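Here is a short report on one protein model. Look at the structure first, then read the notes below it.

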Amino acid sequence: MKLTLRVWRQPHAEAPGAMATYEVDGISPNMSFLEMLDTLNEELVLDGDEPVAFDHDCREGICGACSLVINGDAHGPEPTTTCQLHMRSFQDGQTIDVEPWRAAAFPVVKDLVVDRSAFDRIIQSGGYISAPTGTAPDAHATPVPKPDADFAFEHAECIGCGACVAACPNGSAMLFTSAKVNHLNVLPQGAPERETRVLDMVAAMDEEGFGGCTLAGECATACPKGIPLPSIAAMNKEWLRATRKVRR
Ligand code: FES
């Protein structure tokens, strides 16, 4: 495959950025999108140019590090992570725009790399349980109803990639935060911090400058792990319940 790439280049956070155009040839349809970018970078390095900076780690769709807006879509045209997107999803001769996540709370660090530490600070504010340490308890020592276990597991699948924020017209982190709140709040292990968790995580989300939710639904469409839109309603319910129980 031969492709024309228009890639966002920005030397550092304070520098102005712009799209740069590159031609790449000899791309296999079976390459991943990141392997295609590796090919571009090898050519840039051989030509003495600066390679394109982009985030990645596991390349298996589980770590949440990869983060590209491809032709206007977070993670591109398939419902998966950028590292699991393959070039067979594109046409020979196609022009592909590659941009970083666009959100005020995710400032660009360099080229296609953005600072997603705002997510870390939301997690730090309440995404934990205060279980005493010691030997591992028996698997069935704390019974969890099957529907609750399924609900928790569905939300635990969030890998924190930030596609929900990038896809949202408001730059909202409600889907991410709701996944983290709902994952723990439904379990008995998460009960001691049930109220403070949702109050603190929502407050941290607001402090980081993420936008409000207007139920556009783009977040759930872009999520590579299928976190459902009603997750946000479940978090709102938890938040209302907590405001009645906790006086601050
Ligand atoms: S690099 Fe880990 S999810 Fe894509």
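## Asparagine 182

The side chains of asparagine 182 and serine 231 are joined by a polar contact of 3.0 Å. A polar contact is a pair of N or O atoms within 3.5 Å; within protein, one must be able to donate a hydrogen and the other to accept it, and residues adjacent in sequence count only if both atoms are side-chain atoms. Asparagine 182 is part of helix α5. Helices (H or I, at least four residues) and strands (E, at least two) are DSSP runs, numbered from the N terminus.

Asparagine 182 has a relative accessible area of 2% and is therefore buried. Buried means under 20% relative accessible area, exposed over 50%, and partly exposed in between (1.4 Å probe, protein chains only). Leaving out residues up to four places away in sequence, asparagine 182 touches Phe151, His155, Ser231, Ala234 and Met235, where contact means heavy atoms within 4.5 Å.

## How the model is read

This is a predicted model: local features need pLDDT of at least 70, side-chain atom pairs count only at pLDDT 80 or more, and totals for chains, interfaces and linings use all residues. Residues are numbered from 1 along each chain as its sequence is written, and side-chain values use heavy atoms, with hydrogens and water left out.

## Threonine 177

Threonine 177 also has its place in helix α5. Its relative accessibility is 0%, so threonine 177 counts as buried. The side chain of threonine 177 reaches the backbone oxygen of alanine 173 at 2.9 Å.

Not counting residues up to four places away in sequence, threonine 177 touches Ile122, Met201, Val202, Met205 and Met235.

## Helices α5 and α6

Helix α5 (residues 174–185) and helix α6 (residues 194–207) have axes that come within 10 Å and cross at roughly 165°. Axes are lines fitted to C-alpha atoms, for helices over the stretch in contact, and angles run from 0 to 180 degrees between N-to-C directions. The two helices, α5 and α6, are therefore roughly antiparallel to each other; angles under 35 degrees count as roughly parallel, over 145 as roughly antiparallel, 65 to 115 as roughly perpendicular and the rest as oblique.

From α5, the contact is made by Met174, Thr177, Lys180, Val181, Leu184 and Asn185, and from α6 by Arg194, Arg197, Val198, Met201, Val202 and Met205.

## Glycine 209

Glycine 209 sits in the loop between α6 and α7 (218–222). With 44% relative accessibility, glycine 209 counts as partly exposed. Glycine 209 and alanine 104 are 105 residues apart in sequence, and 7.0 Å apart in space, C-alpha to C-alpha.
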